[in-house]
Amino acid sequence: MFVQRTSHFLMFGLVVCLMAVQPAFGKEPPPNIIIFYVDDLGWQDVQLNDVDDPCPYETPNIVKLAKAGMNFTEGYSPAPSCSPSRAGIITGQHPAKIRLTHVDLGVIRKGSKTDRVVAPYLEKPLDQNLLTLADAMKANGYRTGHSGKWHVGLTAASYGFDTVNQDRGPHRSVPDRTKDFATADDPKFPLSKEKYPPVSKKKPEGISYPYDEVTGSAIEFMAQSKDEPFFLNLCHWMVHWPVMTRNGELLEYYCDKMGQPFPPKRGAMTLPGQQNPYFASMVTSVDWSLGRIVDFLQKTDDPRSPDKKLIDTTYIFFTSDNGGAEKKGKEVISDNAPLKYGKTHAEEGGVRVPMVIAGPGIEPGSRFDGLVNQLDFFPTILELTDSEISPDDFAELSGLDISAVLSGASQQIVDANGKERDHLFWHYPHGGDSMKSAIRSGDFKLYKRYQTDDYELYRLYKDGKRNDYEEANDLAQNPEFASVIERLGKMLEADLVANDAELPYLNPNYADKITPVADLGKATYESAARQARLSIKPDGPAIKEAYVIYCEDPEVTKTKARRPPADIPETRPVLPGMKAPATISTDGSTVNATIPKEIAAWRFQIIDQNGYLQYSDVVMAN
């Protein structure tokens, strides 16, 4: 696969690169691009929008960035969870389109007796044949770097990044989060000599922060790349679980601010709302990191632009991969109110995220209230950097160019035909009650629920003003809104079809199923010919689709910790987690597949004519 991917981009990339490395005489050199991506940071977790109660977490650098650029009050992630949003932003394609809609890549989830439907299987890793933003930037003369969390399979080096550091920084679990803090002589996370906000009566000069390699490696990459245009993908592991901090001074500050004892008592933090001092510390740590990045840009000359600093020639895209996580076990993490739910839900609390873009030509302190999706970043960055990709690759992008909005030339986001955007959609065929597709258009948001096979409808706005952010008043059964459900339902179905979205399947374990399920026989393997075979018993529905899933050696998986694998050599065509079509015999009695020599184990995935999804047992390929 790597060989195919390389050849797919090489010819076009070489031509573009030769054009892009040397800018035209008298033309401004291409701007730098930074995506500053935070994990699980909710719309209400920063001091930007402050709907209802003000945010108690202090984020002065995020606020400064918004004052220097544009705040998007209705900014959305492509999905309500981590991996699909990251895959969407880096490929510019909707998670539904690339069949990567959840973090469970390569994981089998069988339904319980109470689940009518089950989630589709998701391959891993992210398809290496897809063009990434890093590929595009690299082909257009940019140096590309990734720092921090990747989480879509393999490493970022396999997807177009020249420089990669996927270290977690100080965001690692500790034996006792109430006292295991970094010190000045900590070998891995020494406290800074410099002092930073917040300031207090106890710490009038500010506090020290532990060394963060995610931030440090990003600054090092920029310092090494400043002689040429660069694209930096900085992705923090915070503010994801575990909820902890190595910054004792910062934790003490928030304990004092929230009227809680320091050090905190051991055990879960259970106060409702936004009263978790550990989480508050993580939010401010991410804000501190942003401040470090901006400070470097402000102090560093741009060698390509005399009399300019890097801050004058760099666009910063700040946002989060999904809405905030509100709870884990007994621990109350944060609160997305008034938005409904949070991470892993397509409701507003799960997909509406903070979003700020700052850079050359963007009016300081500006605001845009229209619908914006992180999928818009890819085409927008191409436009801002005057970069080119092939027409075929551009046609695959799911987002729209918002550069005209950024420059103030337009208050509308339009497609290539000049048609104004009128909706966004999400597809999350996972979980129980969260298994939904959704569409937001104008004042309304419609949900298609797969477990119950019906709709929900909420009016978030009324004539453009806040109405039901809480999504508390379901209008689906109100005859007055039947036409809205019909219209949005058709739009949603059209999007699902256009993106070839894989829907949930019927669950063979469902206690109340009313149609029969295909009866699978035994899976066998002929090692000499590397032939896998599954017999299908004659009584029952026929097989509609069949695939073979490549698996890891179960014994190796049991004994080794899961870690991101090294980058795969170009000569290796397949990986565990991938799947391939299997052959159904003419009479439908068997399913067959050839197992590649690189694969240690396998299993079949079967979909019968009634729509039930089944898996055979894992079989060793030896």
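Q: If two strands pair when DSSP finds at least two bridges between them, how do strand 2 and strand 11 pair?

A: Strand 2, residues 70–72, runs antiparallel to strand 11, residues 355–358, and two bridges join them. Helices (H or I, at least four residues) and strands (E, at least two) are DSSP runs, numbered from the N terminus. The model is predicted, so to speak of local features pLDDT must be at least 70 and side-chain atom pairs count only at pLDDT 80 or more, while totals for chains, interfaces and linings use all residues. Residues are numbered from 1 along each chain as its sequence is written, and side-chain values use heavy atoms, without hydrogens and water.

Q: OK, and which residue stands opposite Asn 71?

A: Val 356 in strand 11 is the residue that stands opposite Asn 71.

Q: What is the strand order in the open sheet of eight strands?

A: The order is 6-5-7-1-8-11-2-12, and the pairing in this open sheet is mixed. Strand 6 (163–165) and strand 12 (366–368) are the edge strands, and because each has a single partner strand, one side of each is left without a neighbour in the sheet. On average, neighbouring strands of this sheet are turned by 10° against each other, with direction ignored.

Q: Which strands does helix 3 lie across?

A: Helix 3, made of residues 82–91, lies across strand 1 (32–38) and strand 7 (230–235), and it runs at about 170° to strand 1. Axes here are lines fitted to C-alpha atoms, for helices over the stretch in contact (heavy atoms within 4.5 Å), with angles from 0 to 180 degrees between N-to-C directions.

Q: And what does helix 7 touch?

A: Helix 7 (residues 277–299) packs on the sheet and touches strand 1, strand 7 and strand 8 (314–320), while its direction makes about 170° with that of strand 1.

Q: Switching topic, how many salt bridges does a search of the whole structure find?

A: The search of the whole structure finds 35 salt bridges, each being a side-chain nitrogen of Lys or Arg within 4 Å of a carboxyl oxygen of Asp or Glu. As background, side chains of opposite charge can pair when their charged atoms come close.

Q: Which side chain meets Arg 177 in a salt bridge?

A: The partner is Glu 331, whose side chain meets that of Arg 177 at 2.9 Å, N to O. Arg 177 sits in the loop between strand 6 and helix 5 (213–225), whereas Glu 331 belongs to strand 10 (residues 331–332), so this pair ties together parts that are 154 residues apart in sequence.

Q: Where is the cis peptide bond to Pro 242, and where does Pro 242 lie?

A: The cis bond joins Trp 241 and Pro 242, with omega of about 5°, and Pro 242 lies in the loop between strand 7 and helix 6 (248–257). Most residues other than glycine have a negative phi, and most peptide bonds are trans.

Q: What about the bond from Ala 337 to Pro 338?

A: That peptide bond is cis, its omega being near 10°, and Pro 338 is found in the loop between strand 10 and helix 8 (348–351).

Q: What is the phi of Asp 453?

A: Asp 453 is not a glycine, yet it has a positive phi of about 55°. Asp 453 lies in the loop between strand 16 (444–449) and strand 17 (454–459).

Q: How many bridges join strand 21 to strand 22, and which residue stands opposite Tyr 525?

A: Five bridges join strand 21 to strand 22, residues 531–536, and these two strands run antiparallel. Opposite Tyr 525 stands Ala 532, which is in strand 22.

Conventions
Two strands pair if DSSP finds at least two bridges between them.
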